[in-house]
Amino acid sequence: MPKYWSVRFVDENIKAASRADMAWADVVFASGMHIQHQQIADITRRAHAAGRTVVLGGPSVSAAPENYPDVDILHIGELGDATRALYEHLENDVSRPERQLQFVTLEKLPLEQFPTPAYNLIDLRRYLLGSVQATSGCPYRCEFCDIPELYGQNPRLKTPAQIVTELDAMLARGNPGSIYFVDDNFVGNRKFAKELLPKLVDWQKKRGYPVEFACEATLNIVKSPDLLAMMREAYFTTIFCGIET
């Protein structure tokens, strides 16, 4: 978001947004997955009761915008041209529109331009896991998975330096003890994984192995024993695999 905007972050898994929070805000942004549908609807009702405009983005609305007819403004897709257009709109008008507005991303922001998450707004010690995203998308088309439709089949990449910066930012806000790589497939781009892993090994060694890592990957990861050896040295303790039946 623009740096001169004042932002108050509320995670309703921990504590509900208060009436004071709603009164403070010009606009209420919400995000979530399908499992949070009812909670998003409740946030929308409370924000509207306070006379506030609601903006919804994230995976659920991007996959099924028709599920959110009561939200004022929808951001569909990842960060990109729609995000810029949304911010320009809100700079000029934060009132509730007469009809729902939809901003749809056509040109995605390259992952290497993604900002470091605002970990300064939360206490990571209250979470079971930290999370980091190094890539987006997966080259495979497993029937049980909607990732190719949402994020594409050609994995987009952050830089190893970005990942290290994010890890340091997490530790500065309270070490969760375990950090999950939420990439749709950690080995979707093996060349990148082999570039990243030595950086993670170096990061762990310099800091005394403060965390363990976990990720999700396709089972063909076993065809790369050198990659698995580097993952072990970087202290990956868990790999989640989905199996196509």
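Of the contacts in this protein (heavy atoms within 4.5 Å) between residues at least 6 apart in sequence, 71% join residues at least 24 apart. Please note that this is a predicted model, in which local features need pLDDT of at least 70 and side-chain atom pairs count only at pLDDT 80 or more, while totals for chains, interfaces and linings use all residues. Residues are numbered from 1 along each chain as its sequence is written, and side-chain values use heavy atoms, with hydrogens and water left out.

Let me turn to the aromatic residues. The structure holds eight aromatic pairs; rings of Phe, Tyr and Trp (its six-membered ring) pair if their centres lie within 6.5 Å, and planes under 30 degrees apart count as stacked, over 60 as edge-to-face and the rest as tilted. One of these pairs, W5 with Y87, is edge-to-face, at 5.1 Å centre to centre and 65° between the planes. W5 lies in the segment before α1 (19–24) and Y87 in helix α4 (residues 81–92), so this pair ties together parts that are 82 residues apart in sequence. Helices here are DSSP runs of H or I of at least four residues, and strands are runs of E of at least two, numbered from the N terminus.

On burial, we call a residue buried under 20% relative accessible area, exposed over 50% and partly exposed in between (1.4 Å probe, protein chains only). W5 is partly exposed at 21%, whereas Y87 is buried at 18%.

The second pair is F186 with F236: the ring centres are 5.2 Å apart and the planes at 50°, so this pair is tilted. F186 sits in the loop between β8 (178–181) and α7 (190–207), and F236 in strand β10 (residues 236–240), 50 residues apart.
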